[in-house]
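This briefing gathers a few local features, grouped by topic, to be read alongside the sequence and the structure shown here.

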Amino acid sequence: MKHQWPEPLLEKAAKIRLIALDVDGIMSDGKLYFSANGDELKAFNILDGLGLKQLMAAGITVAVITGRKSPLTEKRMRDLGIPHLMQGREDKKVALQELVSTMDLSPEAIAYMGDDLPDLPALRFAGLGITVPNGYWLVQQHADYCTRTRGGEGAVREACDLLLTAHGKLDAALAPYLELKA
């Protein structure tokens, strides 16, 4: 079922030109898996990937800021064509400020999606803070929007749909999939 968002939320979302995302707990389920050899394993939701591609096609810049360094994250972001990946950044607000200083964006033009305390300063700095229902309670209190979908289970796609709706571009993003067969 298509989401219905409150008008004040859509008004904030309409100003967004950049969304920055955390990885663990947002793009993944927040669990860290390791093989017996110490190899890290991580699951990314395919729904999120297409949503991010649709956002970029609609002209919204996507960035990923994560406290961990992971070759898996680097590969996934490269596969999706995400232009900005900042790994090993514990202070995510500083990383976000560094990124937007090169883009000449005000905080009102930025959305940040995170789930835990290291995300809170960046989420509060951004004009639109988004979190997930499995995120830490204090982050939920400070977010403008908490997705209905859990992190790692399509929450990023829900945020993408919110932004596309607010920009009046969701129908165009969905149209190729709704074309009638000849």
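This is a predicted model: local features need pLDDT of at least 70, side-chain atom pairs count only at pLDDT 80 or more; totals for chains, interfaces and linings use all residues.

Helices are taken as DSSP runs of H or I with at least four residues, and they are numbered from the N terminus. On that basis, Leu 178 belongs to helix 8, which covers residues 170-178.

- Leu 178 counts as exposed because its relative accessibility is 64%, where the cut-off for exposed is over 50%.

**Aromatic pair**
- The count of aromatic pairs in the model comes to 1.
- In this pair, the ring centres of Tyr 136 and Trp 137 are 5.6 Å apart and the ring planes stand at 40 degrees, so the pair is classed as tilted, given that stacked requires planes under 30 degrees apart and edge-to-face over 60.
- Tyr 136 counts as partly exposed because its relative accessibility is 35%, and Trp 137, at 48%, likewise counts as partly exposed.

**Asp 79 and its surroundings**
- Asp 79 lies in helix 3, which covers residues 71-80, and with a relative accessibility of 43% Asp 79 counts as partly exposed.
- The side chain of Asp 79 makes a polar contact with the side chain of Lys 75, at 2.7 Å.
- Asp 79 and Ser 35 are 44 residues apart along the chain, and their C-alpha atoms are separated by 23 Å.

Note on methods: Residues are numbered from 1 along each chain as its sequence is written. Side-chain values use heavy atoms; hydrogens and water are left out. Rings of Phe, Tyr and Trp (its six-membered ring) pair if their centres lie within 6.5 Å; planes under 30 degrees apart count as stacked, over 60 as edge-to-face and the rest as tilted. Buried means under 20% relative accessible area, exposed over 50%, partly exposed in between (1.4 Å probe, protein chains only). Helices (H or I, at least four residues) and strands (E, at least two) are DSSP runs, numbered from the N terminus. A polar contact is a pair of N or O atoms within 3.5 Å; within protein, one must be able to donate a hydrogen and the other to accept it, and residues adjacent in sequence count only if both atoms are side-chain atoms.
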